[in-house]
Structure formats: C-alpha cells, structure tokens
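Please examine the sequence and the structure below before reading on. The paragraphs that follow lead through them step by step.

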Amino acid sequence: MDEMEVPALFLCPVSLQLMREPVTVCTGITYDRENIERWLFSCKNNKTCPVTRQSLSHTDLTPNHTLRRLIQAWCDHNVCLGHETFSSPNPTTIDQTEIVKLLLEAKKFPEKQLKCLSRLQCIALESESSKICLESAGAIDFLASTMMINSTGMSEAAIEIMFHLNPSESQLKNLMNNEGIQFVESLVHVLKLGKHQSRGYTTLLLKSAFKVASPTQLNNATREVFVEIVRVLRDQISMEASKAALKLLVELCSWGRNKIKAVESGGVLVLVELLLEVSERRACELMLIALEKLCGCAEGRAELVNHGAGFAVVAKKILRVSQVASDRGVKILSSICRYSATPRVLHEMLLFGAVSKLCLVLQVEGCFKAKERARETLKLHSLVWRNSTCIPLPLLASYP
C-alpha cells in the first residue's frame with residue numbers, strides 16, 4: 001500500500017490515509033468516521049468542518065456508501081485484501097456456516113474473541129445481506145454475552161458491531177427478557193468508562209433497549225443509568241447521541257420515581273445549561289420536554305427555581321423556537337407558579353421576563369392550550385403581577 005498511489009478522493013482530509021468508513025458532514029465534505037469523530041468530539045474544535053472551517057449546523061454523520069464501494073473495488077482490483085481496513089470478504093461469498101464456526105471457536109477459546117470481533121466488524125460493514133447473515137448465525141447473542149463478561153475494550157468493540165447490525169425490536173426484547181439487568185449494566189459500564197465514539201453507540205443502543213423494556217424494568221432503572229445519560233448530555237458527544245439521551249430521559253421519567261433519580265443526577269442543571277446555547281430546533285424541543293418532565297416533581301422545580309438562569313432561559317424559548325417548545329415552556333412556568341410559588345419566585349419571574357412572555361402568549365396566534373395555561377397562571381398571581389412596572393404597557397393591556 002505504501003508503494004501504491006492511492007486516489008486523492010479515497011484519502012481522509014484529516015489523516016491523509018485511505019478511508020475505512022467514509023462519512024459526510026453537513027458541509028458536503030467526506031472524512032473517515034474515526035478521524036472526524038475524534039476532531040468533533042474529542043478535540044473540542046468548536047464543531048467546525050476541518051477543510052472549510054465553516055461552523056457545522058449539526059454534527060450528524062452520513063455514511064457515504066457509494067464512496068466506500070468505490071474504495072473497496074479499488075482495493076480488490078489492486079489485490080489489497082490483506083490490508084486491515086478492507087479485509088472483509090465479498091458479501092456474496094460469506095458463508096453462514098463459516099460464521100457459526102467462528103462464533104463457536106470464540107466461545108470455546110476466549111483468547112480468540114478479539115480476532116473474532118475484528119472479523120465480525122469487517123463483515124458487518126460490508127452490506128445489508130452480510131448483516132442478515134450475521135444475525136441468522138446468532139451474532140447478536142454472541143455480542144451481548146461478550147459485552148457482559150469482558151473488559152471495557154472488548155465490550156466497546158462488541159457494542160460497535162451490534163450498533164452497525166442495528167438489532168430489531170424483537171431481538172432487543174429477547175435480550176431484555178433474558179439478560180435485562182446484565183445487558184443494561186454492561187451498556188452503562190461502557191457509558192461510564194468507554195471512549196467518546198463507543199459512548200455514542202451505547203447511548204443509541206440503550207435508548208432502543210429501553211424502548212422495548214417491560215414496565216418493571218422501566219420503573220427499576222438505576223440511578224447510575226441517569227448519571228450516565230446526564231453525562232452524555234453534558235459532554236455533547238454528538239447531536240445524534242444527545243437526542244437519543246434526551247428521548248431516553250423523557251421515556252424513563254414517565255415511570256415511578258425516575259424523575260427524582262434524574263434530578264439527583266444533575267438533569268435539571270445540565271438541561272438549563274444546554275438550553276442557554278442550543279440553536280437546533282428539535283434538540284431545543286426535546287430539552288424543554290425533558291425539563292417539563294423533571295419539573296413534575298418538587299425536587300425538579302426546586303432545582304430550576306434555584307438556578308440563576310432557569311426562568312430566563314425557559315421564557316426566552318417561548319415563541320422563539322416552535323409551537324411545541326412554546327407549549328412546553330408555558331407548562332414549565334405554569335407548574336412552578338402552581339406548586340412552587342414564593343414571594344421570591346414571583347418577583348424573579350417578573351424581573352427575568354417570564355410574566356411578560358406569558359402576556360405576549362395571549363396576544364399572538366398559537367396553541368389554544370398554551371394560551372389557556374398562560375391565562376390561568378396570570379390570573380393565579382394577578383394581585384402580585386397585574387400592576388407591576390416590570391411588564392411593558394403594551395403587554396400589560398392583555399393581562400386577564
């Protein structure tokens with residue numbers, strides 16, 4: 001390979017090496033996944049494109065399957081199958097019996113598991129038919145058992161392969177039914193100790209696993225699960241991982257005492273900090289939905305009230321993002337006013353513009369429910385707010 005001239009199109013702009021897994025960012029530039037993820041999520045390069053230096057509106061990475069097939073064809077033509085990056089066989093020659101034999105050998109001889117995982121990864125990245133072949137041979141169960149009994153490094157490798165296989169709901173449900181506690185614990189272990197990329201894959205798998213979990217499993221989610229979900233949000237591993245973590249948080253907080261677990265894990269504080277910076281619409285909506293869930297308990301409301309930017313950031317998002325965001329923002333303020341109102345809280349809502357924003361909600365076209373909540377909230381504390389000089393006169397005219 002060193003003596004062969006590789007087409008420039010096949011080289012990653014970051015490493016200048018032959019790309020193994022080409023992915024494209026929103027600027028249209030293609031990079032090798034490992035290198036661009038390291039650039040974006042480990043080096044903290046302010047989410048810019050390395051080539052164009054443009055700020056990225058989002059950090060989603062789109063697999064460039066066409067380019068990967070071209071690279072594979074070029075490698076095949078130049079007899080490069082011995083190269084580590086493209087050692088995978090042609091999908092049409094994959095033999096399920098061979099995969100079964102490989103899995104049995106790895107189970108019998110633990111020292112061969114790493115080699116087996118490397119082989120499975122190459123096959124999984126080839127094509128959809130390759131993935132189906134792996135699943136039929138029992139690779140999902142093998143990967144799950146590998147995650148549960150091995151070191152962090154081995155578990156990371158197994159999780160990456162499982163992520164690329166994209167197990168179905170029925171397969172995940174089978175894992176949750178048979179190995180629920182151990183399976184979740186192994187995922188949480190990688191979230192705690194794994195690298196950024198592995199934690200991203202793990203977050204997506206954990207969300208999918210809890211989507212098919214039983215009510216008992218949802219109720220009994222451990223505090224450690226919430227600690228790691230919140231840490232994924234704090235670290236901003238990737239937009240995809242953050243959205244998965246937010247959806248998982250919303251799902252879990254609908255059950256039992258999970259709201260309190262999430263609050264005790266720092267959920268409210270992290271959500272407020274993220275809302276101060278977020279600009280992407282769907283991410284903002286999910287953050288407000290999650291925050292509204294956490295404000296459904298006294299502990300969550302207390303955390304929001306005690307955060308210096310709590311009221312201000314929620315009020316700011318109302319009528320500036322979307323109808324969904326406005327509705328959730330009004331629900332949060334309404335919940336605070338109904339259950340956690342103190343003279344200090346009511347005064348701070350005036351100072352930080354929350355009351356003025358509720359008045360503005362009544363004046364603009366929008367969701368009927370949000371207007372009704374805003375009206376009820378303003379009426380509830382009219383003796384304190386109605387004649388305040390903190391409310392601009394044009395808005396005060398709409399005070400109910």
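Predicted model: local features only at pLDDT ≥ 70, side-chain atom pairs only at ≥ 80, totals over all residues.

Two residues are said to be in contact when heavy atoms of theirs lie within 4.5 Å of each other. Lys317 belongs to helix 17, which covers residues 310–317. If neighbours within four places in sequence are set aside, Lys317 is in contact with Leu275, Val278, Cys284, Leu288 and Ser326.

Which side chain of opposite charge is nearest to Lys317? It is that of Glu277, at 10 Å. A salt bridge requires a side-chain nitrogen of Lys or Arg within 4 Å of a carboxyl oxygen of Asp or Glu. Lys317 has no salt bridge, although this residue is buried.

The view may now be widened to the whole chain. The protein chain is divided into domain 1 (8–80), domain 2 (96–212), domain 3 (221–306) and domain 4 (308–399). Between the centres of domain 1 and domain 2, taken over C-alpha atoms, there are 25 Å. Their contact involves 10 residues of domain 1 and seven residues of domain 2. About 680 Å² of area is buried between domain 1 and domain 2, and carbon and sulfur atoms give 37% of this area. On the side of domain 1, Arg20, Glu21 and Arg68 supply 52% of the area buried against domain 2, more than any other three residues. The number of salt bridges between domain 1 and domain 2 is zero.

Helix 4 comprises the 12 residues 113–124 and reaches 16 Å from its first C-alpha to its last, close to the expected 16 Å. Among the buried residues of helix 4 are Cys116, Leu117, Leu120 and Ile123.

Terms used. Residues numbered from 1 in each chain as written. Heavy atoms only, no water. Helix = DSSP H or I, 4+ residues; strand = E, 2+ residues; numbered from the N terminus. Expected span 1.5 Å × (residues − 1). Buried < 20%, exposed > 50% of the residue type's maximum accessible area, 1.4 Å probe, protein only. Lys, Arg positive; Asp, Glu negative; His and termini not counted. Domains from an automatic or database assignment. Buried area = accessible area lost by both parts, 1.4 Å probe.
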